[in-house]
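Take a look at the model below. Then follow the report from a single residue out to the contact between chains.

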Amino acid sequence: MSVIPDPIQAGLAAGWRVTDGARLTADSALEADVVIVGSGAGGGVTAEILALSGLRVIFVEEGALKSSKDFKMREADAYPALYQESAARKTRDKGINILQGRTVGGSTTVNWTSSFRTPDITLAYWNQHYGLKDYTPQALAPWFELMEQRLNITDWPAPPNENNDLLRRGAAKLDIPTALIRRNVNGCWNLGYCGMGCPTNAKQSMLITTIPSALRNGATLLTRVRAEHLVINGDKVTQLDCVALDDAGLAPTGRRVTLRAQHYVLAGGAINTPALLLRSTAPDPRGLLGKRTFLHPTVISAGLFEQRVDGYAGAPQTVYSDHFLHADRIDGPIGYKLEAPPLHPVLLSTTMAGFGAQHAAMMKQFPHVHALLALLRDGFHAGAPGGSVALAADGAPVLDYPIGDFIWDGARRALLTMAEIQFAAGAKSVTPVHEQGQAYTTWAQAKAGINGLPFKLLATRVVSAHVMGGCAMSDDERLGVTGADGRYHGLANVSVHDGSLFPTAIGANPQLSIYAIVARLASGLARDLTGKPAARPIA
Amino acid sequence: MTPRRSFLKIGVAGALLLAAGGAAYRWSRPAATRNKFILDDEALAVLAAVIPSMLGPVLPDEVAARAAAVQATAGRVRDAILGLPLATQKEVQDLFGLLALGPARRLLARVAGGWARADAKQVDAFLQSWRSNRFATLRIAYMAMHDLIIGAWYSDPATWEAIGYPGPLKELTA
């Protein structure tokens with residue numbers, strides 16, 4: 001018996017309507033006012049607002065329902081259970097590794113709690129280029145406030161761990177400003193295992209906030225059920241065909257689930273939502289669906305320090321710098337946001353290049369390793385147009401994301417910046433994560449070394465934890481497949497409520513952008529469907 | 001033969017083998033097992049040769065302990081593969097099937113005389129050559145083996161003490 005109360009187990013015992021697809025012994029057909037695909041940031045927020053507003057909601061999740069009793073902070077269990085493709089989802093050419101959640105709560109169950117409002121300059125760009133006039137900082141402020149209150153997004157009172165503080169100290173030496181990251185936690189133990197599911201239910205993910213609230217208000221949750229196909233008749237979706245998945249979540253069991261509703265909300269994330277629409281041959285007269293998919297392509301620099309860094313311990317992300325997002329115009333040479341990632345044995349060892357004695361020597365120094373990330377802001381320049389989602393022969397989504405010289409130039413500058421900061425913070429050596437990267441012992445050596453590296457995929461390590469775009473918003477149908485209200489152009493009863501709406505990358509960790517924008521869209525949808533003002537969720 | 005022509009030869013041979021070898025390997029298997037990964041004798045022989053090179057000095061020196069560690073790591077590699085989408089499991093099966101084929105082993109991996117008899121230097125050279133190969137397919141294969149084997153090793157709590165990682169809070173992991 002765990003010492004931590006588990007609100008999910010308590011809710012199930014109290015009679016929440018939750019069906020595990022793996023346990024279905026017969027085909028099933030269900031009806032509701034609204035069907036929501038996905039239970040992450042977009043699906044969770046939508047489910048709560050609609051259920052509180054009196055609508056009958058069914059939400060469908062491809063992953064399993066896991067809760068604090070399952071979250072044992074072990075990578076070997078957490079990655080297969082909680083992530084898309086065991087945390088090894090990749091782009092078509094296998095050049096970029098993508099971390100995305102696949103469990104009830106989606107990526108919010110496994111993210112690192114970093115909470116940023118959408119940057120003003122990103123919103124200004126959307127206004128100017130996509131005509132999103134209502135997406136101003138002023139118009140969105142009440143929605144940010146609502147979700148910050150709902151998810152207890154506040155300043156983090158504890159000091160940064162050494163892994164983050166080295167970013168602060170190194171940057172300060174170089175007069176590069178940093179700031180502190182706000183977090184969606186309540187009673188956080190400062191353990192550092194957010195990426196494996198919060199074992200103490202401190203993280204205010206969808207799993208323990210909006211989803212329990214929706215379930216208490218009569219919503220139905222289907223888990224291990226994959227949405228396959230929207231049946232479209234004219235300009236309306238008449239049903240959603242789903243398949244039940246086995247215990248491992250890999251193969252269909254043969255049981256089918258048919259869902260019918262007045263309205264359908266798609267919130268499977270920016271790879272799976274466009275894929276569902278593509279499988280359903282949704283109207284796409286201009287070929288925009290699944291295009292302009294953004295990743296914040298991320299490069300990594302590892303430093304070795306005399307003192308212990310213990311990058312596995314403590315809140316994973318608490319310090320950031322946006323200095324290099326503002327060094328140039330938003331549509332100039334690509335900018336990047338600097339952060340520190342948590343370091344756990346599997347994540348670090350698989351990320352670091354090399355093998356045999358060289359790799360073993362680095363791992364032997366594990367507690368002394370420091371890492372920095374640079375998230376490149378894609379989507380604002382013709383040289384960073386994003387990728388595109390297509391379908392494999394079996395209907396599974398495949399993201400193609402080519403990287404050209406414009407982005408590689410940013411990757412090179414970012415690796416230089418990170419090395420300089422790490423040396424300024426006192427690093428004994430710095431290794432850019434690249435198959436030909438070496439442990440440079442001086443800044444001058446690192447500068448020459450990094451400038452001499454060949455920048456290409458499957459040599460430079462590139463990762464992503466932020467998938468955005470593919471169903472861009474614009475009321476101008478030449479520019480987006482969804483309207484500013486999230487409604488899919490050409491389908492009268494379909495909305496998209498997730499990060500695929502974003503017409504560019506955000507330029508910050510996207511969770512709070514999704515929460516706030518979707519809260520507004522879901523409130524509008526509730527009003528349209530009920531004829532009454534939407535309910536306001538309260539923590 | 002110039003180095004460039006040698007590369008080209010590997011390239012053409014590689015493309016043909018990757019196309020033909022994988023498919024031939026798949027077709028040689030019973031229909032019911034075409035998707036889910038199986039750690040068969042061929043895959044195990046490749047892993048038994050590659051694991052010691054990939055992991056290097058972290059493996060114990062003593063013969064029996066070393067063999068047991070390699071065997072256990074291969075088992076964890078299998079478990080990790082079984083968590084991947086079925087289409088990816090098939091790709092990994094094809095990779096091991098290809099490496100098990102004599103011509104591919106000799107031509108692409110440059111390992112003569114069977115994996116069981118390959119010496120460490122040969123396997124190191126094979127990994128190094130695929131790691132930096134101009135053909136993306138071989139770099140992908142190297143990366144897959146890197147991530148699977150190294151990830152499998154460090155996922156085992158028994159390896160944590162040696163790297164100074166205390167592991168998660170004991171009170172919460174019972």
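Predicted model: local features only at pLDDT ≥ 70, side-chain atom pairs only at ≥ 80, totals over all residues.

In soluble globular proteins, nonpolar side chains tend to be buried together.

Now take helix 6 of chain B. It covers residues 120-131. Its first and last C-alpha atoms are 16 Å apart, close to the 16 Å expected at 1.5 Å a residue. Which residues of helix 6 of chain B are buried? They are Val123(B), Phe126(B), Leu127(B), Trp130(B) and Arg131(B). Seen down the axis of helix 6 of chain B, these buried residues fall within an arc of 130°, so they line one face of the helix. Their cover includes helix 2 (41-55) and helix 7 of chain B.

Next comes the contact between the chains. Here, 34 residues of chain B are in contact with 35 residues of chain A. On the chain B side, helix 2, helix 4 (86-100), helix 6 and helix 7 of chain B each give two or more residues. Helix 7 of chain B provides the largest share, nine residues. The table sorts the chain B side by class.

| Class, side of chain B that touches chain A | Count |
|---|---|
| Nonpolar | 20 residues |
| Polar | ten residues |

Note on methods
Residues numbered from 1 in each chain as written. Chains lettered and ligands numbered in written order. Helix = DSSP H or I, 4+ residues; strand = E, 2+ residues; numbered from the N terminus. Expected span 1.5 Å × (residues − 1). Buried ≥ 20, exposed ≤ 12 C-beta atoms within 10 Å, placed from the backbone. Arc of directions from axis to C-beta. Contact = placed C-beta atoms within 7 Å. Nonpolar A, V, L, I, M, F, W, Y, C, P; charged D, E, K, R; others polar.
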